[in-house]
Amino acid sequence: MADEPCPFCTISGDRVLHEGGLVKAIWDAYPVSPGHVLIIPRRHVANWFDVSCEEQSEMLGAIQQVRRILDEQFAPSGYNIGMNVGAAAGQTVSHFHLHVIPRYAGDVADPTGGIRNVIPGKANYRGK
């Protein structure tokens, strides 16, 4: 795996929907919902804690740009925004990426807890 080229350093132009000076936003190759986008730094860097403050700031601004595009093209009911840092957290590509996942009413039986669902049985902390 280490000898394979980074999939985010070799992105084809048809996957790019937003470009900034330090970051770009791309359509996820394996979307979990229609409109799933990844925001990535142009610089190859492993995780959020290694991303510079300038890159972090531009990534946060890119969320707003991406949201406008997704609202217009897909009209989702909500969003999950998240990141995986390290293999134990599910990171499978060692080039940092932030997920912007559009959510749609009824796309799961019970969305309670949102990203808390990463640990089975821990999402619904209200006990319902």
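## The sheet

An open sheet is built from five strands in the order S1-S2-S3-S5-S4, with antiparallel pairing. Strands are DSSP runs of E with at least two residues, helices are runs of H or I with at least four, and both are numbered from the N terminus; two strands pair if DSSP finds at least two bridges between them. Strand S1 (16-19) and S4 are the edge strands, each pairing on one side only. On average, neighbouring strands of this sheet are turned by 20° against each other, direction ignored.

The model is predicted: local features need pLDDT of at least 70 and side-chain atom pairs count only at pLDDT 80 or more, while totals for chains, interfaces and linings use all residues. Residues are numbered from 1 along each chain as its sequence is written, and side-chain values use heavy atoms, with hydrogens and water left out.

## The S1-S2 hairpin

S1 and S2 form a hairpin with three residues between them. Strand S2 covers residues 23-27 and pairs with S1 in the antiparallel sense over three bridges. Val16 stands opposite Ile26 in S2, and Glu19 has Lys24 of S2 as its bridge partner.

## Helix and aromatic pairs

Helix H1 (residues 53-74) lies across S1, S2, strand S3 (37-41), S4 and S5, and runs at about 155° to S3. Contact means heavy atoms within 4.5 Å. Axes are lines fitted to C-alpha atoms, for helices over the stretch in contact, and angles run from 0 to 180 degrees between N-to-C directions.

The whole structure holds two aromatic pairs. One of them, Trp27 with Phe74, is edge-to-face, at 6.0 Å centre to centre and 65° between the planes. Because Trp27 lies in strand S2 and Phe74 in helix H1, the pair ties together parts that are 47 residues apart in sequence. Rings of Phe, Tyr and Trp (its six-membered ring) pair if their centres lie within 6.5 Å; planes under 30 degrees apart count as stacked, over 60 as edge-to-face and the rest as tilted.

## The largest pocket

The lining of the largest pocket comprises nine nonpolar, eight polar and three charged residues. S4 gives the most to this lining, with four residues.

Note on methods: Ala, Val, Leu, Ile, Met, Phe, Trp, Tyr, Cys and Pro count as nonpolar, Asp, Glu, Lys and Arg as charged, and the others, Gly among them, as polar.
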